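Student: Could we go through this structure together? I would like to settle the terms as we go along.

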Amino acid sequence: MRQTGLLIGLVFLTAAWAADGYAAKVSPATDECIGCHISISPGIVADWERSRHAETSPGEALKQSGLEKKVSSEKIPEQLLAYAVGCSECHTMNYDKHQDTFEHNGYDVHVVVTPVDCSTCHSQETEQFSRSMMAHAYGNLVHNSLYQDFMKSVNGHQTFADMTTALQPPDDQTTADSCLFCHGTKVEVKGTQTKETEFGEMTFPILSGWPNQGVGRLNPDGSRGSCAACHARHQFAIETARKPYTCSECHKGPDVPAYKVYDVSKHGNIYNSLKHQWDFKKVPWTVGKDFTTPTCAGCHMSLVVDEEGQMVAQRSHEVGDRLPWRIFGLIYAHPHPTSADVSNIKNKAGLPLPTELTGEPVGEFLIDADEQFKRRKTMQKICLACHGEGWVNGHWARFENTLRTSNAMTLTATQILSSAWKQDLVRGLPHNDNVFDDLIEKMWVEQWLFFANSTRFSSAMCGADYGVFENGRWNLSKNIQEMNDWLQIHTALRKR
Amino acid sequence: MRQTGLLIGLVFLTAAWAADGYAAKVSPATDECIGCHISISPGIVADWERSRHAETSPGEALKQSGLEKKVSSEKIPEQLLAYAVGCSECHTMNYDKHQDTFEHNGYDVHVVVTPVDCSTCHSQETEQFSRSMMAHAYGNLVHNSLYQDFMKSVNGHQTFADMTTALQPPDDQTTADSCLFCHGTKVEVKGTQTKETEFGEMTFPILSGWPNQGVGRLNPDGSRGSCAACHARHQFAIETARKPYTCSECHKGPDVPAYKVYDVSKHGNIYNSLKHQWDFKKVPWTVGKDFTTPTCAGCHMSLVVDEEGQMVAQRSHEVGDRLPWRIFGLIYAHPHPTSADVSNIKNKAGLPLPTELTGEPVGEFLIDADEQFKRRKTMQKICLACHGEGWVNGHWARFENTLRTSNAMTLTATQILSSAWKQDLVRGLPHNDNVFDDLIEKMWVEQWLFFANSTRFSSAMCGADYGVFENGRWNLSKNIQEMNDWLQIHTALRKR
Amino acid sequence: MRQTGLLIGLVFLTAAWAADGYAAKVSPATDECIGCHISISPGIVADWERSRHAETSPGEALKQSGLEKKVSSEKIPEQLLAYAVGCSECHTMNYDKHQDTFEHNGYDVHVVVTPVDCSTCHSQETEQFSRSMMAHAYGNLVHNSLYQDFMKSVNGHQTFADMTTALQPPDDQTTADSCLFCHGTKVEVKGTQTKETEFGEMTFPILSGWPNQGVGRLNPDGSRGSCAACHARHQFAIETARKPYTCSECHKGPDVPAYKVYDVSKHGNIYNSLKHQWDFKKVPWTVGKDFTTPTCAGCHMSLVVDEEGQMVAQRSHEVGDRLPWRIFGLIYAHPHPTSADVSNIKNKAGLPLPTELTGEPVGEFLIDADEQFKRRKTMQKICLACHGEGWVNGHWARFENTLRTSNAMTLTATQILSSAWKQDLVRGLPHNDNVFDDLIEKMWVEQWLFFANSTRFSSAMCGADYGVFENGRWNLSKNIQEMNDWLQIHTALRKR
């Protein structure tokens, strides 16, 4: 019965491809995949059927010229040109480089599709992405001794006995379920397992750190990142990547409230109320015609032109290209790092931080004023597509002032914490102890990670309502009083 | 003039029904209702006109066969078969069982439509719902002595005099405006009132606990629940029930942040960016074709099939059917209760809780491992419609690990609180006092009600961004330090 | 090349207008603006092209009659009648009154379009708006000595030295980036600057407080407000104004969480799930037909009729017309102020507040019970379009009870703070000191500004889930314990 169903399914599928002039032919191998997977994992087959990958072939894609071209590789392997980009095209690609390749019904299949696989057709995007901090999200977090302490203090288990708490390191599952969910896990083959399936006995690789779609994932082919972090499988719709929800998966919490700020801004208002009029599929993306206010992608990544076809911004999967500042302060906002791999940064005090504890940027690892100027201009060109120069310059002056004032409020918090350390009220930097595990230290973390960052994102993206009472200046200000109150109480108790 | 308007309205209405082949005939009684109510409450008449109830008749609905059938009652009273399901059909149904029935223009009308009324056509859904904890949301809260103390501590009025605070119980209006808004009020007839209306003097029943659409409402016909809690009146669109906003009405706050977690997950991203392509009205709901990522209903309630018509999940209005765990910890996560009515649960210590204060589940009231296995498989079958087995098992292992670690962090908080109680720093369990009214007790509540729950919902539904900094592990960890700091300060002050 | 592009653009544009029967002719002046600005600021030109302003002319608009008429001015200057409302029509209007007028390519252009400019066609709306508190948002904040202290405590810079913190006043950029972003800045011409542009050397005015679109902005023509605060440029779509996102730009944070409450309410659920069926452009707006549940505008501003054309609510840009209470407590909820300018209010104690510190309303500045009755009835008429009288009265009784109980919980917090002041634990009112700068004072602020307000908005708009645990009664209750705990600790430390 099921076999019949499959046959009918296939016949229907073939008919569908034949009938539709735009539809691409599926390769024999992909045809075979679909034969079983239309009933094993029907959701992804049907989802893929809606995709551009199912609708066209690399050969057709290469024929498009100029800015409308969606594949950036100059040459694409001959055998791929005539077929839709289906199961087999991605999941058997580069099989010899993939540690996770396994024999599956006569094919060498791998589970984890990586940026290297995608680069077959999208080489430029992959190259740009590889230079971005996102691609290094795993190492930049995990290979930094200070951030290791931070992860331990957030995810670790705390016990209570004899009137004191103690902190145990987190297990791997917990880390994968929290920080590494977004930053990416390390996916490695840990053996194989054989099991009985609907189609007989089969053997599959066992993967560590799985499932994961984190943007900085370490893949079993040695590559970094996951395109699916933003280009959700298996439709890979450009519409999804251009809408702000993709970014919000990792940029919504109080540490990086980009989405929440956008949502409350005038841009977010216009997006939310008028997006149904827009064309989210058009490449290049014409400002005012295809969209009337930017989304995250519009300002930070997309290829944007004006109605006359003049370039407003080049496509970039290296978000840093348009960013003079790193406003996500660790612990202060600072000029953007030069290199995407920041795991080797050290400040004068020997801490793995891009600024001193007092806020001075560690110049040698950060872009200089000229590069900042260039990036600021690149971003401002997008602003200028809708706003006058006075408006744009006024906005940037105000925003960069907010970088200074929010850094200053972080410095005050750092001074209060330092006083607590100096008086041995808690153990921290001077005691070579975890600087994130005590209450006053956690208050300090909130000052820069939540409140200063939120204030800055609100300023950068004009979502003032968020930056005042939601998680911004009000909290920056109240938290200083809370930290100071803590200090007063514990100094007084100490003096008894 | 208004009479003319009414006539024109009716003529137009009749014409509309006649002209449209699908439209059902309205009964003479409903016709009479509309005659006045098109000007008395125009919004609901027009809303109803858009509904499936206005478009078809039970007789037509019964003709559909197989999974496409939308009415589940085998027999529907003869007199209803030929007409649209209009005002009179629902508001005069079972008039003799309704304490709130009153004479209204020659009809026996009742105000409050209940699950029993809906069961006339939708008997299976009503039966399933009646077995769910949602249907018992009133009693499970109100008939639990511990939760009564909790409600008092949240809603009660606090006074301040002589350097101490005191807690007064809340008034009924306040309770109806907070907890019982979602849990449901007790709606009873408290008398009648006669008033002058546009159509002369009329008499209406006076209802207690009104208005209310809480999911566990106690109705004047003795039944439990309100279908309108999720199936918003008077369009009762399946589209509304299948979209996540309905669930979010009660599952958005920090205690049960299901919607917020969904919203930040990959599923939420795909829903938000591509939902305009979906078919929210199709029954059954075909995965990949009608929808490309689950909504709340997709995983927890809907009848889901694959493109070949194979069943993925049976429809259930008893959400528990697919839930091995109750991750909404009271105070720890635990296997799902056996019975929907949990008001009689008692742990070994005599507390009306499904776990001990130390976390052990109270086995006799909870489902066993076999039942958990069955329910886990039922839910996983939905995951497997789009994800491979390695992915699904990996996810569940990680999620169930998070149940353990979040419970462990709740235990630590409970130990700190117990220490405060033992030292008589505040009055609580050992003093037979409200365990929710002092500051350290409220901190403890946040540990499990907000932070452990949020961490678990984030893990269950893959919305890691919420479970780390928004209201999850960061807070679980900081709160332990806050509780411990409170303990240190008050112990020190005591020792003076 | 660019010149050619411009020419082609213009030809295309002209053709587009000619081809489309509805499109209005652009004036020669506007034509000239577009000539350059289609490449200088392509986004706004394209956005404007989608607008009603581009589609019709005031002459055509005047021909509509009755409730469908969208312009309210009885007479519109002759020279505007035949043309689309384009760049020149708004940006050269009233040039002699505008301090920001400058010579630009032979035209007297001003940057800042103001309500006075809009009143040329929309005089009634401008007049209503001018009577609203929103139009006075700048002065009501800035000219109140108490709120000045508040702004200083939120936005000011805090330093730490010698174990104490000190508060410095904020700079102007910070204030413009926070409070005044929504309240509006003071925009004045501060000089001119000449710069090299693509089209040669040009001179532009330098504006203070720019950019800004705050609802109470002080404009360079002496007028108050910005219509663009809600009617986003340059499409000015009524769809945007009617959707809740516009209001959310300023009414989302914990101080005024109107949007968040709406979003979690049944109304918000229905809006979110079914809005794609609605007609957001129809004037007047027919309840049930054009929309099936209210948005912010629906209840507070829009012209609403029923299907028979009977008036449900008259359009008003004075939101207060439908508001008996000001539930945004400063510091208690109270009857709505009589005058939109509340900067001159003083209570008996001499504080610039509409209530005493103990909660009694300062009657002489507030509307009386008769006026409250009238406004309540106006609002209830909208409720009654979909709900029965029992439902509506029940809701309002519950809501007004919540005003009382939330005020009572504010009083308790005020008593605790007063005790701290009396014991000189912190410097406040009795010491003529800023009452917002110490920790206990900031806790007190959260009691009324965040928790009492959130509780009231949740009650008013039936979003109970927000008003309990998100930022409502739970916090009202916990905060009293936190304030009391602070008092106990500091009293004990003082006694040593």
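Tutor: Let us begin with a definition: angles under 35 degrees count as roughly parallel, over 145 as roughly antiparallel, 65 to 115 as roughly perpendicular and the rest as oblique. Helices (H or I, at least four residues) and strands (E, at least two) are DSSP runs, numbered from the N terminus. This is a predicted model, in which local features need pLDDT of at least 70 and side-chain atom pairs count only at pLDDT 80 or more, while totals for chains, interfaces and linings use all residues. Residues are numbered from 1 along each chain as its sequence is written, and chains are lettered from A and ligands numbered from 1 in the order in which they are written.

Student: OK, so how are helix 10 of chain A and helix 22 of chain B placed relative to each other?

Tutor: The axes of helix 10 (residues 145–155) of chain A and helix 22 (residues 473–495) of chain B come within 7 Å and cross at roughly 80 degrees, where axes are lines fitted to C-alpha atoms, for helices over the stretch in contact, and angles run from 0 to 180 degrees between N-to-C directions. Helix 10 of chain A and helix 22 of chain B are therefore roughly perpendicular to each other.

Student: Which residues make that contact?

Tutor: A:S153, A:V154 and A:N155 come from helix 10 of chain A, and B:R473, B:W474 and B:S477 from helix 22 of chain B, with two residues in contact if their C-beta atoms, placed from the backbone, lie within 7 Å. By class, this contact has 2 nonpolar, 3 polar and 1 charged residues; Ala, Val, Leu, Ile, Met, Phe, Trp, Tyr, Cys and Pro count as nonpolar, Asp, Glu, Lys and Arg as charged, and the others, Gly among them, as polar.

Student: And how many residues of chain B are in contact with chain A overall?

Tutor: 55 residues of chain B are in contact with 55 residues of chain A. On the chain B side, helix 16 (266–274), helix 19 (389–422), helix 21 (464–470) and helix 22 each supply at least two residues, and helix 19 of chain B gives the most, with 15 residues. The residues of that side divide into 20 nonpolar, 22 polar and 13 charged.

Student: What about chain A against chain C?

Tutor: There, 55 residues of chain A are in contact with 55 residues of chain C, and the largest share of the chain A side, 15 residues, comes from helix 19 of chain A. That side divides into 20 nonpolar, 22 polar and 13 charged residues.

Student: Why do chains A and C meet through different surfaces?

Tutor: Only 4% of the interface residues of chain A are also interface residues in chain C, so the copies meet through different surfaces.

Student: Switching to strands: how do strand 5 and strand 6 of chain A run?

Tutor: Strand 5 (residues 189–197) and strand 6 (residues 200–207) of chain A run antiparallel and are joined by 7 bridges, given that two strands pair if DSSP finds at least two bridges between them. A hairpin through 2 residues joins strand 5 of chain A to strand 6 of chain A, and A:T194 stands opposite A:T203 in strand 6.

Student: What is the order in the open sheet of 3 strands?

Tutor: The order is 7-8-9 (chain A), with mixed pairing. Strand 7 (285–286) and strand 9 (311–313) of chain A stand at the edges, each with a single partner strand, so one side of each is left without a neighbour in the sheet. Strand 7 of chain A runs parallel to strand 8 (residues 304–305) of chain A, with 2 bridges between them, and A:W285 stands opposite A:V304 in strand 8.

Student: Which helix packs on that sheet?

Tutor: Helix 18 (residues 369–384) of chain A does, touching strand 8 and strand 9 of chain A, and its direction makes about 120 degrees with that of strand 9.
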